[in-house]
Amino acid sequence: MKCELVDVFSTKKLNGNGLTIFSDVDHLSSADMLAWTQEMRQFESIFIQVKGGEFHARIFTIEEELDFAGHPLLGLAYHLHHHYGNGPRHEWRVHTKSKVIPLTSLKTADTFTATMSQGKPEFIRTLSEQEAKTLYAALNLTPPSEVNIGAEVISTGLPYVILPVASPQLEHIVFKVKDLAPLIAPLGAKFLYVLDVDNREGRTWDNQGAVEDIATGSAAGPAAAYLFKHGLINSHELTLHQGRFLGRPSEINVTIAEHDGEIANIFVSANVVKVADINLVD
């Protein structure tokens, strides 16, 4: 069995969000995939299978399998380009548990860029003032008076609570609860993303607060949709920042396609750089 290590949302090795891409995995069970993800100790791993000429991906955190995720699919575009492509630009369609994801890969002399079409965002719920206060308190935050917009649950494949804060609130986050899941699951969310609306910077963790994610592609679409909906950006292109608190600052580029005043599609892009090839003994 083989795996490939890449860094996503970076042009330099050992920066951005690391990813393990496993191939030759037809013999692995779901339990095996989870165990290999736990062995690599990264936030997520992706397992690629080719069935009938189509690409199928399964994505795992160290705790569970996900229906969809951003940075694993963007990193996978690097693998597909170099193993199945023969030109500088390619388009791919990858089957995940929740939907088929269109990907584009572009290789130049200096960089490799992957772009994901996340589709039209789903605005699931606007939180009440009390619901939001509960989440702010759970993270040692206070609702910012200067941010006159509410928290929302938004999804482009994975539903996030987008919890707005003003600078420098990101510095003050401390988990005051053992598990966010019982607080956000009734709201229709899987994870929570704290968004500094002034600096377009975010932070997110597993729901126990044990592992912070370096850069979250699946949250970038909802975060951009949130900023656009509330008139907090004056362009259809923006860059979200994440990973500063982990010493691996990352940039997530987002493009919003608009039709008749509504978001028709969201494109999330990342630079990807290869780190290593590994042969595993299974």
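Phe43, Glu44, Leu66, Leu158, Tyr160, Phe191, Thr204, Trp205, Asp213, Thr216 and Ser218 line the largest cavity. The model is predicted, so to speak of local features takes pLDDT of at least 70 and side-chain atom pairs need pLDDT 80 or more, while totals for chains, interfaces and linings use all residues. Residues are numbered from 1 along each chain as its sequence is written, and side-chain values use heavy atoms, without hydrogens and water.

Let's stay with the cavity for a moment. A cavity here is a set of points on a 1 Å grid over the protein atoms alone where a 1.4 Å probe fits but cannot get out, and lining residues have an atom within 4 Å of a point. The volume, about 60 Å³ for the largest cavity, is the space filled by probe spheres set on the points, which are joined across faces, edges and corners. The lining comprises six nonpolar, three polar and two charged residues.

Now turn to strand S1, residues 2-8 (strands are DSSP runs of E, at least two residues). S1 pairs antiparallel with strand S16, residues 262-279, over seven bridges (pairing takes at least two DSSP bridges). In that pairing, Val8 stands opposite Val272. Seven bridges also join S1 to the antiparallel strand S2, residues 17-23, where Val6 faces Leu19.

Finally, look at Pro144, which counts as buried because its relative accessibility is 12%. Beyond four places away in sequence, Pro144 touches Tyr136, Pro164, Val165 and Ala166 (heavy atoms within 4.5 Å).

Conventions:
Buried means under 20% relative accessible area, exposed over 50%, partly exposed in between (1.4 Å probe, protein chains only). On a 1 Å grid over the protein atoms alone, a cavity is a set of points where a 1.4 Å probe fits but cannot get out, and a pocket is an open set with protein on both sides within 12 Å along at least five of seven lines; lining residues have an atom within 4 Å of a point. Ala, Val, Leu, Ile, Met, Phe, Trp, Tyr, Cys and Pro count as nonpolar, Asp, Glu, Lys and Arg as charged, and the others, Gly among them, as polar. Helices (H or I, at least four residues) and strands (E, at least two) are DSSP runs, numbered from the N terminus.
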